[in-house]
Structure formats: C-alpha cells, structure tokens
Amino acid sequence: MTDRIVVVANRLPLRRTEDGWETSPGGLVSAVVPFLQERGGSWVGWTGVPDDAPAPFVHDGIEQRPVRLSQSEIDDFYLGFSNATIWPLYHDAIRSPEFHRHWWHPYVAVNRRFAEQAADALQPGDLAWIHDYQLQLVPAMLRQMRPDVRIGFFLHIPFPPVEILARLPWRREILEGLMGADVVAFQTRLGRHNFGRAVRRFLGGEGTTRWLRAGERSVRLISAPISIDWEGYASLSASPSVGARVAALRQELGVDRKVVLGVDRLDYTKGIDVRLRAYDTLLRRYRERAEDVLFLQVAVPSREEVGDYSAMRDEVEGLVGRINGAHGELHHVPVHYRYGSLEPEELVAYYRMADVMCVTPLRDGMNLVAKEFVASRPSDNGVLVLSEFAGAAQELRQALLVNPYDVDGVAEVLWRALHLPPAEERSRMRAMRRQVQRHDVFRWARACIEAIQQ
Ligand code: G6P
C-alpha cells in the first residue's frame, strides 16, 4: 500500500521548451507539486498540443501521464463543451451557453480517456484528486474502474444556482459524475450549497450542506478557498531586482501619477470592460485629472478561438482607444494596455508599483490576482477594489467591494480608492495581508488532501 497522489487535471503542469519540458508557473502547480514530490505521485493531463501524447515520463520527481486530444476533440471537448457550454453557464450565464450533442459526446469520450489514464496510474492505497469543470464525469467513471481508491474533486470555478444549471440538457449526468467522488470541494459556501440543492432537485438526493446521499453514493461536501504561495510572492517582491524594476517603471510612468492596475486573462467574466467604463466615468464626472492618474491593464491572451473571447478583446481594445482619444494629451496616455503575459518578476513589480488594484469580475470562482497583489505589497499600503462576485471577496472583506453591474458605483469607489486616508488604507491592507498569509495555498492543498484521505 502506498499513499501517493494522482492529480487529474485538463492541463499537465509542464510546458515544452526547446530542449525538453519545464514546470509551468501557476497557483495549482506550485501548490500541489511539493506534495506530490514528498509522497510520490502522478499527474494526468494534456500537453496543450494536438495529438501530443508521449509515453509517461518522470519530471521533477513526478510521473507525468499525457492524455492525447485530437484537433477535433480540442474543438468539441475543450473549446466547445468545456469553454462555450460549461464555462459561461457556470459563470451566471453572462454569455449564452451553447448546447450541442456533438460537443457532449466528445466530452464524455475525453473524460473516459482521462479516467482510464488515472486508473492505470493509481496504485493500491493511492488517492485521486480530480480538478475542474473540464473533467466532471471522471469521478464516477474512475470509481467504476477503481472502486478501491479514495477520490476527491475540486471545482475551481463557481457552481451555479439550480435555475441556471437546469438549462443543461446533461445536468443529471454531470451531477452523477461528480457524485462518484468521496469528497466534492468548492471555492465557497455558495458553490457547496448550490450543488447540494441541485443534487436534491435533479437526483432526488438528500442530506445536509456537508453530506449528501443519492442512490448508492454518500458524498462529503467541503468549501476550501484556493490561495497563493504567500512566501513566494512576498520574497520575490522584496528582491533587489524587483525593487530596481519598480523604480524604473515609476520613472517611465511619472513619479507623481497614481497607478490603477488590472491584470486578467482576457475573459468576458473578468469585467475588464466594466472597469474601463468606470475609469472613463471617473475622468469625465469626478474631475479626476487624467494627468494625475493612469490605468495600466494587462490582458493575458486566452481561448482566442472562442467567439465570445475575441468579441471581448475587440470591445476592450475599442474602449482603450476611445478613452485615450477622449482624455489623452501628447504628454500623457490615460490607459496603458498590454496584450500578453508577464514574467513573474515583471508581474510582481507591477503589483508593487500600483496604488490601486482593480479586480472587477462579473463572476469568478476565486480570483488569485487579488491575493497576489496583497502578498506582493512591500508594506501595508495599496488599495484593493474587488468585485463582490469574486470568491475572494468572501475572505478579503477589507477590500473596497464593488458591484460590477453598477459602473457608476465602481467609478465612485475608484475615486474613493485614489483618495483613501492613509491610515484607513494601511489598516485595510494589514488585515488582508494577515488573511492571505495565514491561508496560503499549501494550507489549502493540505486541507483538501486530508479531507479526501478521511
Ligand atoms: C481557469 C480554469 C482552469 C484553467 C485556466 C486557464 O483558471 O479554472 O481550469 O486551466 O482558467 O484556462 P485554459 O483554458 O487555458 O486552461
């Protein structure tokens, strides 16, 4: 008997380099890798490239088990069912989800392939830890193949209210899939409650908000908000090279100007458009002088082949152009926009340099950017403007919370953020820093693994 951990996630924790592989940065990876290295383990996932499935190999002490996806499965399983059906549906249907049987069948087939690969990787006594909305059928499939192992599932995105889930023609199958786990974990209490209601409604299940029974299955529900590697961010931020970069950026952007920062994957759930409109309102109506403040938006490319994503990119870039056209002068640009990703050092320098961080999703499972900003502050200053519809708002109560559906309200709060009395700024930031420091990602991973083991 061993107690290895087999992680099953859509993506492997690796990316290809010219001469091999490197571990990708990212919250889940940095949290889980140390546990797998300590206890031994495997990671089942996709390389991100069509038809790319090298034989299992060991990297950094972890067995990597690539799962093959053909180009048509990328279209139907990944871009289609995962990201144009489930993703919008679970984010309050803020874009219309599409329902197609020719996407559903590949979703089932690909989930089965992940389950088979996991079943093969699991040794007696190991536990399986399945991640996210792309793989909701894997728990029940894996249980059939390997009734001897403990199975946990963690949903990184919100779980929707029953009224919204009801639209999904395959709601029963999805719920039965998830009920194959011993533990189903959510980011927030709301997700856990929504799931409980859905199982009662659509599977005739019964139980409490912590234990559910449906048919043969008895499943534990937990909420476990994911977090970040506090130490990693704090120490990178304190490094001399980041310090030098912050000073250089400040010189470039103007030492006296306040900087409002946004950093997101370019996704319509993130409310990048909302905050740009709010910034425009701030400049128009609040007489905030464009030369005293600048908005820096980093938009990381994501799922560009999905129509709603490219439409959002056009909208965001149109807004940037309009705001700069309306409020810019030769010597200053109100919105600096960057479409691309940043190296960790550069990202942390941006977090450190910003006066106000603006996180305004219309719906978000957690939002780690908010936590990364807090961890990267060199001291107790800096203001976080945070949507109440981000999971992070449940923990970061001392942020300036906003309703992203109320653009005027966001503008008002932005003004307040730029003029917050220093003592209030410090006490808010101090409390948030304490919260994130105590509840880092390692604590999250430990809590999840312990729950699965029980
Ligand atoms: C969100 C999801 C993850 C996903 C990530 C990047 O955080 O919860 O499951 O991996 O976005 O998206 P991508 O589609 O590029 O994997």
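Three nonpolar, two polar and four charged residues make up the shell around the ligand. Keep in mind as you look that this is a predicted model. The shell is formed by Arg11, Tyr78, Asp132, Tyr133, Gln134, His156, Ile157, Arg265 and Arg303.

| Residue | Distance from a polar side-chain atom to a ligand oxygen atom |
|---|---|
| Asp132 | 2.5 Å |
| Arg303 | 2.9 Å |

How much of the ligand does the protein bury? On its own, the ligand exposes 380 Å², and 69% of that is buried by the protein.

Six strands form an open sheet with parallel pairing, and their order is S15-S14-S13-S16-S17-S18. Which strands stand at the edges? They are S15 (335-339) and S18 (400-402), and each has a single partner strand, so one side of each is left without a neighbour in the sheet. On average, neighbouring strands of this sheet are turned by 20° against each other, direction ignored.

Let's look at one pair within the sheet. Strand S13, residues 258-265, runs parallel to strand S16, residues 356-359, and two bridges join them. Here you can find Leu261 standing opposite Met357 in S16.

A helix belongs in this picture too. Helix H10, made of residues 272-285, lies across S13, S14 (293-300), S15 and S16. If you follow helix H10 along its axis, you will find it running at about 170° to S14.

Notes:
Residues are numbered from 1 along each chain as its sequence is written. This is a predicted model: local features need pLDDT of at least 70, side-chain atom pairs count only at pLDDT 80 or more; totals for chains, interfaces and linings use all residues. Side-chain values use heavy atoms; hydrogens and water are left out. A residue is near a molecule or strand if one of its heavy atoms lies within 4 Å of it. A polar contact is a pair of N or O atoms within 3.5 Å; within protein, one must be able to donate a hydrogen and the other to accept it, and residues adjacent in sequence count only if both atoms are side-chain atoms. Accessible areas come from the Shrake-Rupley method with a 1.4 Å probe; for residues, only the protein chains shown count as cover. Ala, Val, Leu, Ile, Met, Phe, Trp, Tyr, Cys and Pro count as nonpolar, Asp, Glu, Lys and Arg as charged, and the others, Gly among them, as polar. Two strands pair if DSSP finds at least two bridges between them. Helices (H or I, at least four residues) and strands (E, at least two) are DSSP runs, numbered from the N terminus. Axes are lines fitted to C-alpha atoms, for helices over the stretch in contact, and angles run from 0 to 180 degrees between N-to-C directions. Contact means heavy atoms within 4.5 Å.
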